[in-house]
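Please read the following with the sequence and the model side by side. The text goes through one place at a time.

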Amino acid sequence: MERGTGPGMPSSTGRYIPPSRRAPSQQQEGIERGAASSAARNSASPVQSRPHQGSEDRVRESISRCYDEGICPNGLELGVVVEDEEGRRFVVDETVDNIKVTWLKERTVILIFQEEARNLSRQVKEDLIRAYEDGWMPQQIFDPDTRRGRIRFEGQNVVSYVAKVKEVADWMLRSKEAKLKLGNKEYITTFKPWMPRQELRDRKLQEAERNFWIVALRVQLDTYYYLGEAVRGMFGEVLEMHPPEYDRTRPKLMNVKMDMHPDARFNVDDVLQMVELRHPFDEAAPTASTTAGMLDYARLYYEDILTTRRPQDNIHTDLTRISSLWEDTQARLPLPAKLDLDRPLTFEETTQTLKSMAKDKAPRIDGLTVVFYSKCWGAVGQPLVELYNEVLMGGRLGKKMTHGVISVLFKKGDKAEVRNWRPISLLNVSYKILAKTLARRLGRYLPELVEKDQGAFVQGRSIFNNIATAIEVLEVVQSENLDTTVLLLDLEKAYDKPDGVQRGLIAEIISRFEKKGFYLRGMKLMDVKKALGEQHYAEHEGKPFFPGLVKYICSGPVVAMVWEGPNVVASGRQMIGATKPHESAAGTIRGDYALTVGRNLIHGSDAVESAKKEIALWFPEGLSQWKSCQHPWIYE
């Protein structure tokens with residue numbers, strides 16, 4: 001939505017007259033006013049019309065009904081729908097919007113939960129607010145008929161509270177903060193005046209110009225003592241060092257925020273740079289600190305994870321002709337969907353794609369941005385559509401359109417570890433318009449083609465559903481006690497790496513154990529801490545490869561699973577394959593998906609006794625117990 005002066009105008013009696021019912025002179029006046037408003041929107045100081053007091057009262061009354069009763073107004077001509085090169089949108093009447101903002105400032109208070117209250121659920125936070133109302137309502141501080149206010153969660157710890165009367169909002173703002181009591185505990189909450197987004201953004205920018213702060217993340221225990229002095233020496237005066245925790249009942253020594261003198265900002269380098277890189281596979285190799293050396297190490301790493309596992313194919317191979325890709329799916333598109341996906345692209349379809357693309361992205365290798373294409377689409381759109389259709393009929397994109405630049409973004413952890421840098425491919429907008437248009441088409445049919453257990457990357461689904469399912473399984477699994485084994489699925493190979501995402505190895509590996517008939521008794525996604533990795537590989541401690549094993553299992557998230565069934569340890573080892581992938585038989589997990597020992601994808605317990613130790617190590621909270629309805633058909 002945007003602000004603007006709408007076409008409605010107040011009559012001399014205070015009634016709001018739509019354009020269709022005005023007298024000719026009034027219509028002409030409205031047209032002229034609309035033209036002036038249109039020009040005003042493109043100027044520095046927009047023209048504002050001031051409504052008659054009667055119409056302003058009517059607007060305020062409708063605003064009260066909207067925010068007090070939840071009834072949206074109808075028939076007031078609050079704006080107009082416009083369509084231009086930026087797309088189709090609703091432009092709100094600027095005068096009406098100013099009245100609405102004034103009303104909200106009078107009646108709305110922002111509640112910010114502090115300290116322990118930040119960890120409460122939304123339902124408990126709402127209960128706190130209602131308990132707060134129950135505290136002052138019986139005191140008859142206000143009119144006895146004053147009802148509860150409406151709330152809206154703006155974030156995890158921020159709530160907009162729309163009071164029923166202005167006096168309540170004024171009283172809360174004068175209080176500045178309150179201790180909201182629930183049961184025997186008190187929770188601190190501060191009260192701030194409400195302001196619209198743009199005003200809040202402007203204020204934050206002003207504060208950013210006046211204030212400057214530095215946050216030290218994950219400070220090592222032995223360096224914490226020197227932190228303040230080091231920051232002063234490197235960046236400048238520290239005005240205040242905040243406590244390293246927001247909840248004093250849970251003291252920590254980790255993340256520290258320091259308010260700095262504004263001049264200190266000029267001593268801070270805003271560019272995050274890679275200054276050195278360790279060899280991705282060889283612990284004994286020297287650390288690279290030159291540009292050429294770091295590029296070589298990065299190339300080795302990404303070459304390993306991005307190189308095709310089908311060396312017999314080339315860029316001209318038609319994968320749709322390889323039947324093995326389709327053996328495990330029964331999903332088929334109906335004929336109308338096939339025709340829809342195969343039809344030529346249209347100018348209108350690509351126009352809608354371009355409108356949906358973010359306009360604030362940096363230019364790619366050709367220097368042409370989304371904004372450029374939006375402004376020049378009338379000239380370049382039709383030729384591009386013709387080119388796209390030629391490609392879809394069997395032609396090939398030119399080198400310029402397919403030219404990509406791989407850049408890396410730092411995620412977290414040790415910057416000298418290449419796995420902590422996420423690669424992104426910067427592609428030209430001309431190519432992305434084609435790719436996104438095809439993706440938007442396919443997105444309509446993916447829910448019909450992809451199995452229900454695929455939570456992410458499908459419109460209308462969320463990976464949260466899988467997490468919720470795993471939690472429910474863990475809750476059910478704790479009722480039986482049979483022989484079990486732990487299966488660790490390395491997500492760096494199966495999920496975090498691009499080839500794993502494309503090939504879907506997580507679902508494939510889980511599917512193999514499920515189809516075998518084993519019970520899933522426990523599963524969780526987790527980041528492995530060094531101490532846990534060392535405990536897991538304790539039997540190899542002292543061996544040359546021990547540090548590499550620990551480092552690798554801690555380098556990214558893993559899925560830990562417990563499977564149960566007759567002879568599950570022996571059968572599981574057979575399904576997983578030999579430690580060396582090249583010695584693993586075809587059809588095993590490692591034989592089908594792994595290439596090297598250091599990246600053999602999966603770990604499985606080698607005996608029942610070791611399985612019991614690993615279950616205790618990885619699942620100290622216990623396992624879930626349940627029985628499938630298919631149990632009699634699998635077990636004797």
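This is a predicted model: local features need pLDDT of at least 70, side-chain atom pairs count only at pLDDT 80 or more; totals for chains, interfaces and linings use all residues.

**A walk through the model**

N157 is buried, with a relative accessible area of 13%; the cut-off for buried is under 20%. This residue sits in the loop that runs between β7 (150-153) and β8 (158-162). Apart from neighbours within four places in sequence, N157 touches L111, I112, F113, A117, R118 and K125. With K125, the side chain of N157 makes a polar contact, side chain to side chain, at 2.8 Å.

The protein has 636 residues, and 36% of them count as buried. Its secondary structure consists of 24 helices and 19 strands. Among contacts with a separation of 6 or more, 66% are made by residues 24 or more positions apart. The accessible surface comes to about 39100 Å², and carbon and sulfur atoms hold 54% of that surface.

K176 lies in the loop between α5 (166-175) and β9 (177-182). Its phi is near 70 degrees, which is a positive value in a residue other than glycine. Is K176 buried or exposed? The relative accessibility of K176 is 60%, so K176 counts as exposed, the cut-off being over 50%. N567 is not a glycine either, and it has a positive phi of about 55 degrees. The loop that holds N567 runs between β18 (557-564) and α21 (568-576). With a relative accessible area of 60%, N567 is exposed.

A strand residue comes next. I406 belongs to strand β14 (residues 404-410). It has a relative accessible area of 57% and is therefore exposed. Which residues does I406 contact, leaving aside its neighbours within four places in sequence? They are P423, I424 and S425. The C-alpha atom of I406 is also separated by 6.1 Å from that of L426, a residue 20 positions away along the chain.

Helix α10 (residues 347-356) packs with helix α13 (residues 429-443), at an angle of about 100 degrees and with the axes 9 Å apart. The two helices, α10 and α13, are therefore roughly perpendicular to each other, a term that covers angles from 65 to 115 degrees. On the α10 side, the residues that meet α13 are E349, T350, Q352, T353, L354 and S356. On the α13 side, their partners are I433, K436, T437, R440 and R441.

The last stop concerns positions that come from a database record. An unreviewed UniProt entry lists K497, F545, R573, T579, R590 and N600 under "binding site". One of these, T579, lies in the loop between α21 and α22 (589-593). T579 has a relative accessible area of 44%, so it is partly exposed. Which residue does UniProt list for "active site"? The unreviewed entry gives H603. H603 is placed in strand β19 (residues 602-604). The side chain of H603 makes a polar contact with the side chain of E614, at 3.0 Å.

Conventions
Residues are numbered from 1 along each chain as its sequence is written. Side-chain values use heavy atoms; hydrogens and water are left out. UniProt positions are given in the numbering used here, feature names are shortened, and annotations may be inferred rather than shown by experiment. Helices (H or I, at least four residues) and strands (E, at least two) are DSSP runs, numbered from the N terminus. A polar contact is a pair of N or O atoms within 3.5 Å; within protein, one must be able to donate a hydrogen and the other to accept it, and residues adjacent in sequence count only if both atoms are side-chain atoms. Buried means under 20% relative accessible area, exposed over 50%, partly exposed in between (1.4 Å probe, protein chains only). Contact means heavy atoms within 4.5 Å. Accessible areas come from the Shrake-Rupley method with a 1.4 Å probe; for residues, only the protein chains shown count as cover. Axes are lines fitted to C-alpha atoms, for helices over the stretch in contact, and angles run from 0 to 180 degrees between N-to-C directions. Angles under 35 degrees count as roughly parallel, over 145 as roughly antiparallel, 65 to 115 as roughly perpendicular and the rest as oblique.
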